[in-house]
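These are my notebook entries on a single chain, written while I went through its fold element by element. I begin with the pocket and then move to the strands.

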Amino acid sequence: MGSVYIGTFSVPSEYGYYFYEPNEIFEYAVIDNLILEVLDKSKNTLTVKGLLNPYASSDIVIPSSTHIKGKYYRIVRIGTNAFYNVTSLNSVKISDGISSIGAHAFSYCSSLKKVEFPASLTEIEGELFYDCNNLESIFVDFDNPEFLSVNGVLYTKDHKKIVAYPNAKGKDYKIIEGTEYIENFAFKSCVDLENLRLPQSICVIGDNVFYGCDKLKNVVIPDGLKKIGILQERTKTMVKYKYVDYTITQLVNLIYKGTSDN
């Protein structure tokens with residue numbers, strides 16, 4: 001374990017965060033370049049807020065516990081935007097005991113290739129890997145009750161929902177049979193994805209799942225689609241639904257009209 005600093009911080013500087021002298025009752029601590037914030041003093045829990053020096057680390061193992069001034073603390077959460085735009089980050093391994101990850105925690109980590117999730121992780125907030133164009137694999141501990149890695153692609157444990165596709169996984173992908181739901185942002189900013197095949201079991205498409213998929217060609221939408229979220233059209237992708245070609249906007253309008261008429 002590296003040096004421990006306890007105190008408060010100002011807004012981020014060019015090289016990370018400015019650190020002030022310790023207070024008797026602390027709010028933040030720095031351990032091995034990780035900035036930790038007290039989440040619940042009564043439970044001695046911490047959340048990861050970021051890196052003191054975002055340019056110093058390439059391969060990170062995030063611990064699930066630490067001692068500060070002789071007191072034991074559990075690290076249970078990775079906060080929103082915790083590693084946002086840390087371009088030096090190559091891999092992340094999250095230790096067992098951490099249960100939630102905030103939105104955009106790894107967004108714009110352009111060098112990130114591999115992420116490992118523990119069995120304890122049960123909550124993932126939106127757009128976790130936005131613009132992580134070199135991400136190849138998302139691994140999940142087999143004993144995780146909520147999530148599952150299928151050849152590096154993130155699904156829910158019951159296979160019913162695809163959660164996140166790593167852009168560098170490949171330009172062609174077929175969602176596994178039995179999947180019913182494409183999670184919000186699941187393919188967002190997958191700039192290298194060209195061909196995506198949906199099983200007939202898909203009945204719900206979440207928000208902005210194809211946003212930024214600039215190379216994605218025609219996608220065949222299953223006839224049984226019941227619900228579609230907001231799909232911002234920053235793509236030239238055409239979708240085929242019941243043998244007719246539509247733009248993203250046309251499909252959204254069609255599905256909304258169909259559901260409102262029922």
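I sorted the residues lining the largest pocket by type and found 15 nonpolar, 6 polar and 5 charged, where Ala, Val, Leu, Ile, Met, Phe, Trp, Tyr, Cys and Pro count as nonpolar, Asp, Glu, Lys and Arg as charged, and the others, Gly among them, as polar. I note here that this is a predicted model, in which local features need pLDDT of at least 70 and side-chain atom pairs count only at pLDDT 80 or more, while totals for chains, interfaces and linings use all residues. Residues are numbered from 1 along each chain as its sequence is written, and side-chain values use heavy atoms, with hydrogens and water left out.

The space in the largest pocket comes to about 360 Å³. For the term itself I wrote down that, on a 1 Å grid over the protein atoms alone, a pocket is an open set of points where a 1.4 Å probe fits, with protein on both sides within 12 Å along at least five of seven lines, and that lining residues have an atom within 4 Å of a point. The volume is the space filled by probe spheres set on the points, which are joined across faces, edges and corners. Of the 26 lining residues, Glu-127, Leu-128, Val-163, Ala-164 and Phe-185 are the closest to the centre of the pocket. I then asked which elements give two or more residues to the lining. They are β16 (153-156) and β17 (161-164), and β17 gives the most, with 3 residues.

**Entry 2, the sheet that holds β17.** I followed β17 into an open sheet of 6 strands with the order β15-β16-β17-β19-β21-β23 and mixed pairing. Strands here are DSSP runs of E of at least two residues and helices are runs of H or I of at least four, both numbered from the N terminus; two strands pair if DSSP finds at least two bridges between them. The edges of this sheet are β15 (147-150) and β23, each of which pairs on one side only. Strand β17 runs parallel to β19 (residues 181-182) over 2 bridges, and Lys-161 has Tyr-181 of β19 as its bridge partner.

Within it, β12 (residues 114-117) pairs with β14 over 4 bridges, and Phe-139 in β14 is the bridge partner of Glu-116.

**Entry 4, hairpins.** Strands β4 (residues 28-31) and β5 (residues 34-40) pair in the antiparallel sense over 4 bridges, with Ala-29 opposite Leu-36 of β5. The hairpin they form has 2 residues between the strands, and Asp-32 takes a positive phi near 50°. Strand β5 also pairs with β6 (residues 45-51), again in the antiparallel sense, over 6 bridges, and Val-38 is partnered by Leu-46 in β6. This hairpin has 4 residues between its strands, and Asn-44 in the turn has a positive phi of about 55°.

Next I turned to β8 (residues 65-68), where Thr-66 and Ile-68 make up a covered face and Ser-65 and His-67 an uncovered one. In a regular strand the side chains alternate between the two faces of the sheet. Strand β8 pairs with β9 (residues 71-78) in the antiparallel sense over 4 bridges, and Lys-71 in β9 is the bridge partner of Ile-68.

Is Val-48 buried or exposed? Val-48, in strand β6, is buried with a relative accessible area of 0%; buried means under 20%, exposed over 50% and partly exposed in between, with a 1.4 Å probe and protein chains only. Leaving aside neighbours within four places in sequence, its contacts (heavy atoms within 4.5 Å) include Leu-34, Ile-62, Ile-75 and Phe-83. Val-48 and Leu-34 are 14 residues apart in sequence and 6.9 Å apart in space, C-alpha to C-alpha.

Ile-230 lies in the loop between β23 (227-228) and β24 (238-241) and is exposed, with a relative accessible area of 51%.
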